[in-house]
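Visitor: Could you walk me through a few spots in this one? I'd like to take it residue by residue.

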Amino acid sequence: MALTHRLATRADLPALTALMDQAIGELQKGFLTPDQITASRAIMGLDTQLIDDGTYFLVEEDGQLAGCGGWSRRNTLYGGDHTAGRNAALLDPATEAARVRAMYTSPAFARRGVGRLILSLCEAAAAAEGFRRVELAGTLSGQPLYRACGYEVIEAFEDDRGGVPVPLSRMGKSIG
């Protein structure tokens, strides 16, 4: 079957939340310790502002949710509704990078093109609004995909807001 995509709506929240929980719990094994995976839940998740802004996609195959992710014209680099420190200020496309946010793939669909499709949708939409660059916060499990899609590490850092330091990298790419 072919992958299809559409913009997510608030009605999709239960399915998106379940997919994110599975992805965080399963796809980070081998990259993070169990304590780091638990801590990841405090700093990851969906920022519903993306849905409200019409910039959050879901990908399906034959009606089954395969993945989700979006982009943002707002300042926050990563984090869900429950994550402290979000900043909804609008970015200037002429001088600032759009953000790729909250990318998750169902473990059942890992390494089948879902992430590449979401990145291409985000990059095209951001370029259409005049952005020339995109940035994201990559987890250790996501960084191989991002590198393969042309993203370069800007800086490595750790987020310890979940009680245990979780390694992340700010990554970026020119578009358009």
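Guide: Let me start with a term: a residue is called buried when its relative accessible area is under 20%, exposed when that area is over 50%, and partly exposed in between, using a 1.4 Å probe and protein chains only. This is a predicted model, in which local features need pLDDT of at least 70, side-chain atom pairs count only at pLDDT 80 or more, and totals for chains, interfaces and linings use all residues. Residues are numbered from 1 along each chain as its sequence is written, and side-chain values use heavy atoms, with hydrogens and water left out.

Visitor: OK, is Arg 99 buried or exposed?
Guide: Arg 99 is buried, because its relative accessible area is 6%. Arg 99 is found in strand E4, where strands (E, at least two residues) and helices (H or I, at least four) are DSSP runs numbered from the N terminus.

Visitor: And what does the side chain of Arg 99 reach?
Guide: It reaches the backbone oxygen of Ala 97 at 2.9 Å. Leaving aside neighbours within four places in sequence, Arg 99 is also in contact (heavy atoms within 4.5 Å) with several residues, including Trp 71, Asn 75, Leu 91, Glu 135 and Arg 170.

Visitor: Which strand holds Ala 102?
Guide: Ala 102 lies in strand E4, which covers residues 98-105, and Ala 102 counts as buried because its relative accessibility is 16%. Its phi is positive, about 50°, although Ala 102 is not a glycine.

Visitor: How far apart are the end C-alpha atoms of H4?
Guide: They are 21 Å apart, which agrees with the 21 Å that its 15 residues should span at 1.5 Å a residue, since the expected span is 1.5 Å times one less than the number of residues. Among the buried residues of H4 are Val 114, Ile 118, Leu 121, Cys 122 and Glu 123. After H4 comes Gly 130, with a positive phi near 95°.

Visitor: Switching topic, where is Leu 7?
Guide: Leu 7 is in strand E1, residues 3-7, and counts as partly exposed because its relative accessibility is 40%. Not counting residues up to four places away in sequence, Leu 7 touches Asp 12, Gly 54, Thr 55, Tyr 56 and Phe 57.

Technical notes
A polar contact is a pair of N or O atoms within 3.5 Å; within protein, one must be able to donate a hydrogen and the other to accept it, and residues adjacent in sequence count only if both atoms are side-chain atoms.
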